[in-house]
Every structure is written in C-alpha cells, then in structure tokens.
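Subject: Structure handover

Hello,

Here is the structure for your files. My notes on what was found follow below it.

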Amino acid sequence: MTFSRFILALCASTALSTPIFAQTGGVFSSPELASFEFGMLCYYSNANPNVPLTPAEIQAIAETTASYDDVRADGSLVVPALPNTVFGVLSSFPSGQSHNVTSIINHTTPTGVRNEDYYDFTIGDIAEIDGWRMDVIDETSLGTYVFTAKRGADLIYEITFTVVPPEQFTGTTPPCVNL
C-alpha cells in the first residue's frame with residue numbers, strides 16, 4: 001500500500017463554507033473550531049478558480065513551502081479507490097488562536113488488518129488540511145479510515161471515511177476525481 005499523508009496550511013484567502021458542528025453519522029467536530037469541512041479534496045489556483053490542479057501541479061506545490069490557494073471539500077464520507085484521490089478534513093480555529101494537536105488515522109482493511117498513522121501539527125486560524133492521498137491502489141487501500149484530532153485529552157474532530165472499489169461507488173465525484 002502506498003499513500004501520502006497531507007497536513008498543510010492554506011493561504012489566508014481561502015474561502016470556507018459555513019462551519020459544521022456535528023455529532024451524527026460518523027462525524028464529530030468541536031464547537032471550538034471556526035471551520036470544519038471534509039470529503040474528497042480538490043486543489044485550485046486563484047489564477048484559474050474553476051479548473052482543479054493536476055496531480056503533478058499539486059505535487060510540485062507540496063515539495064515547496066508554498067501554500068495552496070484554494071482547497072475545496074465536497075462533503076463525501078464514501079470515497080472511490082482511485083490513484084491520486086485525496087480525502088480528509090479542512091479545519092481552523094477562530095482568529096488569533098492556534099493549538100497543537102495530534103492527528104491519528106486508523107485504517108482498517110476489509111480483511112481486518114489495522115494500521116495507525118500519527119502526526120503532530122498545529123491548527124491555527126488559517127485552514128489546515130489533514131488528508132490522505134492514495135498513490136497506488138490495491139485491496140489494502142479499501143476499508144474504513146477514521147481521522148481523529150486531539151489536543152491532549154480533548155477531541156477536536158473525528159470522522160469516518162469508507163474507501164470502496166470504483167465500481168461500487170455510487171456518489172458524485174468532484175471535478176478533480178475521474179471515475
């Protein structure tokens with residue numbers, strides 16, 4: 001299984017939708033957060049806001065210290081297992097606040113194999129990406145992915161995604177994901 005972990009800051013010009021503070025359907029976000037979005041993530045440039053960046057353009061930005069201009073989440077909890085598909089969370093705290101958190105992604109495959117990935121990062125008042133990109137797809141890519149962020153013992157968010165074979169995906173994909 002090959003994958004990449006994303007935790008990146010967005011530039012301050014990023015527009016976020018209405019905050020969601022939920023505790024239903026596999027989604028919890030703390031009311032402390034100023035913004036919370038999730039789903040398949042598409043990356044855009046302010047120079048061309050209607051056309052998503054290509055995987056090569058995203059990789060080129062990820063290899064530098066540059067920020068993404070705009071990342072949009074589609075609200076999906078079910079994700080097709082396709083190369084270069086990125087899914088996860090965009091979140092921020094209110095203006096002037098930042099907190100160190102630990103992000104944990106628990107992935108359980110359909111055969112019951114469980115993997116955990118830990119990463120410490122800071123969520124500030126600019127949206128942070130806590131994401132997962134599938135670089136190579138095989139049977140170990142499928143299953144559930146539980147994203148949890150904690151500040152000490154305080155739960156900041158927890159959300160469960162299900163990755164399915166493309167032929168089993170019945171939802172609508174955002175423009176950056178090609179079935």
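The largest pocket has a volume of about 220 Å³. A pocket here is an open set of points on a 1 Å grid over the protein atoms alone, where a 1.4 Å probe fits and protein lies on both sides within 12 Å along at least five of seven lines; the volume is the space filled by probe spheres set on those points. The lining consists of 15 residues, and P55, P83, N84, T85 and C176 are the closest to the centre (lining means an atom within 4 Å of a point).

The model is predicted: local features need pLDDT of at least 70 and side-chain atom pairs 80 or more, while totals for chains, interfaces and linings use all residues. Residues are numbered from 1 along each chain, and side-chain values use heavy atoms, without hydrogens and water.

β4 (35-45), α1 (55-62) and β8 (85-92) each give the pocket lining at least two residues, with the largest share, 3 residues, from β4. Helices (H or I, at least four residues) and strands (E, at least two) are DSSP runs.

Strand β8 also holds L90, which is buried at 0% relative accessible area (buried means under 20%, with a 1.4 Å probe and protein chains only). Its C-alpha atom is 5.4 Å from that of E128, 38 residues away along the chain.

D130 sits in strand β11 (residues 128-136) and is buried as well, at 0% relative accessibility. Its side chain makes polar contacts with those of S103, at 2.6 Å, and Y157, at 2.7 Å (N or O pairs within 3.5 Å, one able to donate a hydrogen and the other to accept it).

Regards

Methods
Buried < 20%, exposed > 50% of the residue type's maximum accessible area, 1.4 Å probe, protein only.
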